[in-house]
Amino acid sequence: SGFNSIGHMDTMSRGRHQIGHYKEGEEFIQNVFHVLSQIFTGKEKSNLAICWLQYEISKVIQCLQAKKKKKLKAQGRKSKKLAKNFLKAPDNRNNLSLWKLYAYLEWLLGNTDDSRKVFDTALCTAGTGGLKSAQLCSLSLLYAQLEVELLESTEGAVMSRAVHVLTKLTENGPYVPYSGQVLPMNVLKARKAYEHALQDYLSKTPVSDQDQVKDSDQLVNLVGCYALFQYLTVGIDAAVLIYTQASEKLEVSGSQKCENTGENFGILNFPTALEAVTLLHTNLLRFHMKISVYPLNPLREALTEALKRYPSNQSLWRSYIHIQRKSHSASKARRFFDSVTKSTNSLEPWLFAIQAEQMRKKLTEKVQRADVGEIHCTIPETGLTNRIVALFEHAVQSESGSHCPLLWRMYLNFMV
């Protein structure tokens, strides 16, 4: 969300309590926001409002993860009040990014109908930019993604609200809220529109650097919308095909850019665009596996390829650890962690390798203490303990690891 964890260490548990936001850290951040909002004007002020709202949403997510209902209610009230105040400001009334965050906040708080109203209002006032408007694509993509998460299976998904939103996006006309059905004719037209739009973007050579940054954002949103549309109307293979096409094209434009250094060729922001497309791809595969029977291998391959390229992407590592927990053999994952830590200087692979082993240790201990209550098992699990200590030792010897307070705290915490 654009913020490091200042004032809270949510990676460690203290007994049963999750460590949340510290009062002093929280006060400091709020003061910074208040001071800056008086200094900034215009575009900067709107951007600050977006950051502030993202920060509020991160706290709501933390309450949800910790399952603290009382705290969530209070936090929700505060965050909603802030969001409404932002949207009342004349400069922000047509700011789709803020509307998007406000709708997302309502959704997280469980107010699905209110959230839909906010999304619909934003789409109605957004004008008729269609697939050419980056903000409109981004708003429609989030709306559709949230709706898809409510589906229990992909049967009958063609008539869903998500398909309605993605179809309306291609029509370049005013948005009409969902009435319960989607016309097959509109679905066919939308598929053609997406196809042409994607071809145009992939064959386009941007003029200025600023255009390139805009284009790469727009391309990611477009690929996301098109793939999700194909997933709901055709199936998972059709969606994966679009991600593959887009990734191949981005890789080619990336390698050409490297050869012709100094020349404006292809999409400037290609690493971030490619990373974002990869993330959408893996997230869709994970979701599909949750609601239907699908082999694990495509997701594992996509994640290992992506992590070799982006070793510091935390979302990808979380997904990787999540799927590795399902397999009983740790050796494959360990070999992979070893290869990545050797080939990169970033600290994330170390932190996640340690986390994976700690989860394994927790699981083993849980099994060994099954029916005896909280009595420590007579045969301690020393192999894993030694392995974790060795990982910590290697990590703190690395250049970035020796300067990372979190790593040292985790190490101390583990030794205690």
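**Close-up views of a predicted model**

**View 1. Where α7 meets α8.** Val163, Leu166, Thr167 and Leu169 of α7 are in contact with Asn186, Val187, Ala190 and Tyr194 of α8 (contact means heavy atoms within 4.5 Å; helices are DSSP runs of H or I with at least four residues, numbered from the N terminus). Sorted by class, this contact has six nonpolar, two polar and no charged residues (Ala, Val, Leu, Ile, Met, Phe, Trp, Tyr, Cys and Pro count as nonpolar, Asp, Glu, Lys and Arg as charged, and the others, Gly among them, as polar). This is a predicted model, where local features need pLDDT of at least 70 and side-chain atom pairs count only at pLDDT 80 or more, while totals for chains, interfaces and linings use all residues. Residues are numbered from 1 along each chain as its sequence is written, and side-chain values use heavy atoms, with hydrogens and water left out.

**View 2. How α7 and α8 cross.** The axes of α7 (residues 161-169) and α8 (residues 184-202) come within 9 Å and cross at roughly 55° (axes are lines fitted to C-alpha atoms, for helices over the stretch in contact, with angles from 0 to 180 degrees between N-to-C directions). The two helices, α7 and α8, are therefore oblique to each other (under 35 degrees counts as roughly parallel, over 145 as roughly antiparallel, 65 to 115 as roughly perpendicular and the rest as oblique).

**View 3. Helices around the second largest pocket.** Here α10 (236-259), α11 (270-291) and α12 (297-309) each supply at least two lining residues (a pocket is an open set of points on a 1 Å grid over the protein atoms alone, where a 1.4 Å probe fits, with protein on both sides within 12 Å along at least five of seven lines; lining residues have an atom within 4 Å of a point). The largest share, five residues, comes from α10.
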